[in-house]
Amino acid sequence: MTGALEQLLHGFMGTQVIHTAVRSGILDALGSDPAEADSLAHQLGGDPAAVLRLLRGMVVLGLASVGPDGRFAATGLAAQFRADAPGSFRDAALFRGGAVYRAWGELTAAVVAGECPYQRAMGVPLWEYMAANPEENAVFNGAMRGMSSVVAQGLVQTLDVNGSTVMDIGGGHGHLVAALLEANPDARGIVFDQPALEPEVRSFLAERNLAGRCRFAGGDFFRSLPDGADVHVMKWILHDWSDEDCLAILRSSRTAVADEGRLVIVERPLPELDALAASSAPAVMGDLMMLAVFGPGSGQERTEAEYGALLTASGFSLRERLPLSGGFAALVASPA
């Protein structure tokens with residue numbers, strides 16, 4: 001078997017090495033000072049031989065180094081998965097190597113039978129599973145925050161909202177709108193999400209000294225959105241839903257947004273088929289992630305043209321694309 005084939009077939013192993021290193025505590029215990037495998041195993045109450053074998057895997061993945069004395073130390077790459085790292089990828093490792101990993105093992109069910117892989121693996125759909133498992137839900141939310149932090153920074157640098165009222169639709173705890181307000185001192189904000197999040201959002205905004213400039217609004221974006229904002233932002237919202245559901249969300253926005261306002265959709269658009277290349281992997285694999293989690297006919301990534309068609313059908317006109325890092329883009333539309 002050639003090296004290229006092995007790399008393709010062994011990709012899942014790397015995911016589980018990282019997941020296990022994080023979940024077991026080995027990655028946090030392994031610092032920059034070299035340590036023996038036996039010492040780490042004793043510290044964590046683990047099996048010494050298994051710990052050593054995992055550490056070898058961490059070395060070949062670049063997460064650890066090993067000296068001539070057989071002691072191991074963490075690398076800079078490993079530091080990004082530590083619990084105390086700024087913008088830590090810890091929750092992303094736990095999420096991708098946990099339930100969603102099991103869903104990928106059922107991907108054939110989507111392709112052959114049109115079933116939802118996540119539901120087949122876990123017994124219930126994603127949101128129902130998260131509602132019943134608070135710890136998993138916390139990991140999921142942490143993973144989304146970590147993944148979105150870089151994208152949010154890019155949006156802050158690209159999108160001018162000074163003097164505007166910005167509503168972050170499906171905004172979670174308010175991290176994105178907080179970043180926009182901090183960069184635009186004359187802007188005001190609204191965080192729109194499920195009513196149950198209100199106490200956490202209020203607390204977060206108070207911590208960022210934004211309670212006087214930003215408020216919470218709860219509701220169902222399929223039914224309606226509050227008035228009062230001239231910039232609507234939807235970051236990673238539409239890719240969770242079918243075309244029909246997307247149209248309902250967009251029509252709610254069209255009804256509520258100011259006549260001279262803007263709608264900003266932050267997604268990672270798929271390339272057209274004639275533009276597929278190795279560099280398209282993040283977007284294409286992201287689309288397959290949506291297939292694994294939501295099944296056919298629901299969550300999916302779309303091309304810019306497909307987003308444009310949804311916008312047109314809901315009363316908007318796509319005006320420009322603002323490139324962000326990692327293949328993400330802000331699609332800016334205005335009421336037609």
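Predicted model: local features only at pLDDT ≥ 70, side-chain atom pairs only at ≥ 80, totals over all residues.
Ala, Val, Leu, Ile, Met, Phe, Trp, Tyr, Cys and Pro count here as nonpolar, Asp, Glu, Lys and Arg as charged, and the others, Gly among them, as polar. By these classes, the lining of the largest cavity has six nonpolar residues, one polar residue and one charged residue.

The search returned one cavity of 30 Å³ or more. The largest cavity holds about 40 Å³ of space. Its lining is made up of L94, F95, G98, A99, V100, Y118, M130 and E136. Two elements, α7 (90-96) and α8 (99-104), each give two or more residues to this lining.

An open site was examined next. The second largest pocket has a volume of about 220 Å³. Lining this pocket are H19, R23, L94, G97, G98, A99, R102, M122, Y129, E135, E136 and V139. Two or more residues each come from α2 (11-23), α8 and α12 (134-158). Helix α12 supplies the largest share, three residues. By class, five residues of the pocket lining are nonpolar, three are polar and four are charged.

Nonpolar packing was then considered. In soluble globular proteins, nonpolar side chains tend to be buried together. The largest nonpolar core in this model has 40 residues. Within this core, L30, L55, M58, F95 and Y118 touch the most other members. M58 reaches residues well beyond its neighbours within four places in sequence: V17, A21, I26, L30, L63 and A64 are in contact with M58. Another core lies apart from the largest one. This other core has 32 residues, including L155, L159, L205 and L322.

Helix α4 spans residues 37-44. Which residues of α4 are buried? They are A37, L40 and A41. These residues lie on the same side of α4, because they cover an arc of only 100° around the axis. D38, H42 and Q43 are exposed on the other side of α4. Just after α4, G45 takes a positive phi of about 70°.

Methods:
Residues numbered from 1 in each chain as written. Heavy atoms only, no water. 1 Å grid on protein atoms, 1.4 Å probe; cavity = no way out; pocket = protein on both sides within 12 Å on 5 of 7 lines; lining within 4 Å. Points joined across faces, edges and corners; volume = space filled by probe spheres on them. Helix = DSSP H or I, 4+ residues; strand = E, 2+ residues; numbered from the N terminus. Core = buried A, V, L, I, M, F, W, Y, C linked by side-chain atoms within 4.5 Å. Buried < 20%, exposed > 50% of the residue type's maximum accessible area, 1.4 Å probe, protein only. Contact = heavy atoms within 4.5 Å. Arc of directions from axis to C-beta.
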